[in-house]
Structures are given as structure tokens and as C-alpha cells.
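Subject: Structure handover

Hello,

Here is the structure I said I would pass on. My notes on it follow below.

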Amino acid sequence: MSILFDLIAKGGPVMIPLTGLSVATIACGIERTIFWVQVLRVEDKIAHDVLDAAQYSLDEASAIALRAADQPIGRFLLAALQLDYPEPETFHLALATAGEEEFVLMRKGDKLLETVIAVAPLLGLLGTVTGLIITFINLKIGGGGSSVDTSKAAGGIGEALTTTAGGMIVAIVALLIFRLCVTLQAKQVDYFSKVGCRLELIYRHIWYKRLKAESELSLENRAIANQSLL
């Protein structure tokens with residue numbers, strides 16, 4: 001830990017915002033790791049249970065999704081299952097809307113990481129410039145004097161190199177976390193699309209078809225009853 005503080009001190013004032021960006025990046029990485037571990041650990045089981053139950057009872061499938069409402073896949077499936085026998089287009093719209101809302105939550109932290117990726121190298125470059133300025137001032141080039149403060153000149157070079165390395169390290173770490181999150185988000189889009197399509201097929205071919213047949217039968221019975229009264 002003391003070595004880390006020494007590096008920050010040698011990097012000069014620019015290392016203060018770089019340290020803040022590194023702390024924010026690490027915190028974001030930890031939070032996203034916890035989030036994705038929880039999501040990937042349970043979503044397959046939730047989707048399987050809901051789809052399996054939907055084949056014989058939409059109420060049971062809705063109850064399972066409701067119990068899993070703390071997970072994105074649970075909220076996604078529940079949005080359509082909680083409707084009261086809607087039209088297929090309405091069922092699809094409910095899934096699409098819920099999916100977009102969940103994808104927004106999955107992209108949490110992306111803006112922060114993008115900002116760190118852009119700003120950290122610039123701060124490193126700024127530290128390089130300020131360190132070189134300190135070096136040239138203490139070398140007193142063109143000053144006509146013969147004295148040179150080598151310790152301060154070396155300190156300026158150390159500040160330049162430290163901030164350059166610090167900016168690059170922070171940006172690289174943020175970039176790796178960001179690319180991993182983007183990859184997982186893309187996989188979730190495909191996964192939600194696949195699960196949503198399967199649920200739509202179950203609803204269309206089992207429940208909506210049955211509801212439509214019962215409605216047509218009811219209309220026929222009503223027409224027969226009206227004819228008999230005449």
C-alpha cells in the first residue's frame with residue numbers, strides 16, 4: 001500500500017483525478033461482476049421453469065415469473081404473462097417493451113466506463129506535459145547559469161512517466177471491463193429474443209388458439225340459441 005501512495009505522490013497533482021477514476025472503475029467492475037454472476041447463475045432455470053409451466057397453465061407460469069421478479073428474465077417474462085389473454089400483437093409488444101427496459105438496466109455503468117476510457121489517457125498526457133515542463137525548468141536550459149537541480153529534474157521526468165503509465169493502466173482496465181459488459185449484453189439480447197419467441201409460440205399455438213376456438217364455439221351456440229327462439 002505504501003508503494004501505491006508513493007507512486008501517486010510521484011505522479012503529481014494529475015494523479016489525484018486519475019486515482020478517482022481508477023476507484024470508480026474498480027467499483028463499477030465489482031458491481032457489474034456481482035450483477036452478471038447473479039443473472040447468469042439463475043436465468044436458465046427460471047426460463048426453463050416458466051416455459052415448461054406455460055404449456056399447461058399460464059397462471060402457474062406467471063406465478064413462477066413473479067417469484068423471480070428480482071431477476072431480469074423474470075421481469076421480462078412476467079410483463080407478458082400478467083396480461084389477461086391479450087392479442088398476440090399485444091403479447092409481443094409487452095415482451096419487447098420489457099426487454100428494452102431490462103437492456104437499459106444492463107447497460108448501467110457503460111457511460112462511466114466510456115468516460116474513463118476517453119479521459120484517463122488525456123490526463124496521463126497532461127501529466128506527461130507538466131512533468132516535462134518541471135524537468136526543463138529545473139534544467140535551466142538557455143538560462144546562462146551553470147547550476148542544475150538534478151533531483152527536481154529527475155522528479156519531473158518521474159512525474160511524466162508515472163502519469164503516462166497511470167493513465168494508460170486505468171484506461172486499459174476500464175476498456176476491458178467495458179468490452180466484457182458489452183459482450184454479455186449482446187448475449188443477453190439474443191437470449192431474451194430466443195426465450196421470448198418460445199413463449200410467444202406457446203401462447204399462440206396453445207392458449208390463443210384455444211381461446212379463439214372457445215370464442216367461436218360460444219358465438220355458434222349463441223347463434224343457434226337465437227335461431228331456436230325465432
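The aromatic rings come to 5 pairs in this model, which is a predicted one. One of these pairs is F35 with W36: the ring centres are 5.2 Å apart and the planes stand at 80°, over the 60° limit, so the pair is edge-to-face. F35 counts as buried because its relative accessibility is 17%, under the 20% limit. W36 counts as buried as well, at 4% relative accessibility.

Another pair is F103 with F192, with 5.4 Å from centre to centre and 50° between the planes, which makes it tilted. F103 belongs to helix α5 and F192 to helix α7, so this pair ties together parts of the chain that are 89 residues apart in sequence. Both F103 and F192 are buried. Together with F76, F103 and F192 make up one aromatic cluster.

Q188 is linked to both of these places. Q188 sits in helix α7 and counts as buried because its relative accessibility is 2%. Leaving aside neighbours within four places in sequence, Q188 is in contact with W36, V39, L40, E43, F103 and M106. Its partners therefore include W36, from the edge-to-face pair, and F103, from the tilted pair.

Overall layout

The protein chain has 7 helices and 0 strands, and from the N terminus on the order of elements is α-α-α-α-α-α-α. Of its 230 residues, 37% are buried. Among contacts with a separation of 6 or more, 76% are between residues 24 or more positions apart.

In soluble globular proteins, nonpolar side chains tend to be buried together. Here the largest nonpolar core has 51 residues, and the members that touch the most other members are V50, I73, L77, L81 and L199. Two or more residues each are given to this core by α2 (15-54), α3 (58-67), α4 (72-81), α5 (88-106), α6 (110-139) and α7 (150-229). The largest share, 15 residues, is that of α7.

What does V50 contact, leaving aside its neighbours within four places in sequence? The partners are A61, I64, A65, L77 and L81. Two of them, L77 and L81, are also listed with V50 among the members that touch the most others.

Helices α3 and α4

The axes of α3 and α4 come within 8 Å and cross at roughly 145°. The crossing is left-handed. On the α3 side the contact is made by L58, A61, S62, A65 and L66, and on the α4 side by G74, L77, L78 and L81. By type, the residues of this contact divide into 7 nonpolar, 2 polar and no charged. A61, A65, L77 and L81 take part in this contact, and these four residues are also among the partners of V50.

α4 is mostly covered, with 9 of its 10 residues buried. The buried ones are P72, I73, G74, F76, L77, L78, A79, A80 and L81.

Y85 lies in the loop between α4 and α5. Its phi is positive, at about 45°, although Y85 is not a glycine. With a relative accessible area of 42%, Y85 falls between the 20% and 50% limits and is therefore partly exposed.

E89 lies in helix α5. Is E89 buried or exposed? E89 counts as exposed because its relative accessibility is 54%, over the 50% limit. The C-alpha atoms of E89 and E200 are 9.7 Å apart in space, while the two residues are 111 residues apart in sequence.

At 47% relative accessibility, L201 counts as partly exposed. L201 and P88 are 113 residues apart along the chain, and their C-alpha atoms are separated by 9.5 Å.

Regards

Terms used
Residues numbered from 1 in each chain as written. Predicted model: local features only at pLDDT ≥ 70, side-chain atom pairs only at ≥ 80, totals over all residues. Heavy atoms only, no water. Core = buried A, V, L, I, M, F, W, Y, C linked by side-chain atoms within 4.5 Å. Buried < 20%, exposed > 50% of the residue type's maximum accessible area, 1.4 Å probe, protein only. Helix = DSSP H or I, 4+ residues; strand = E, 2+ residues; numbered from the N terminus. Contact = heavy atoms within 4.5 Å. Axes fitted to C-alpha atoms, helices over the stretch in contact; angles between N-to-C directions. Left-handed = near helix turned anticlockwise from the far one by under 90°. Nonpolar A, V, L, I, M, F, W, Y, C, P; charged D, E, K, R; others polar. Phe/Tyr/Trp six-rings, centres within 6.5 Å; stacked < 30°, edge-to-face > 60°.
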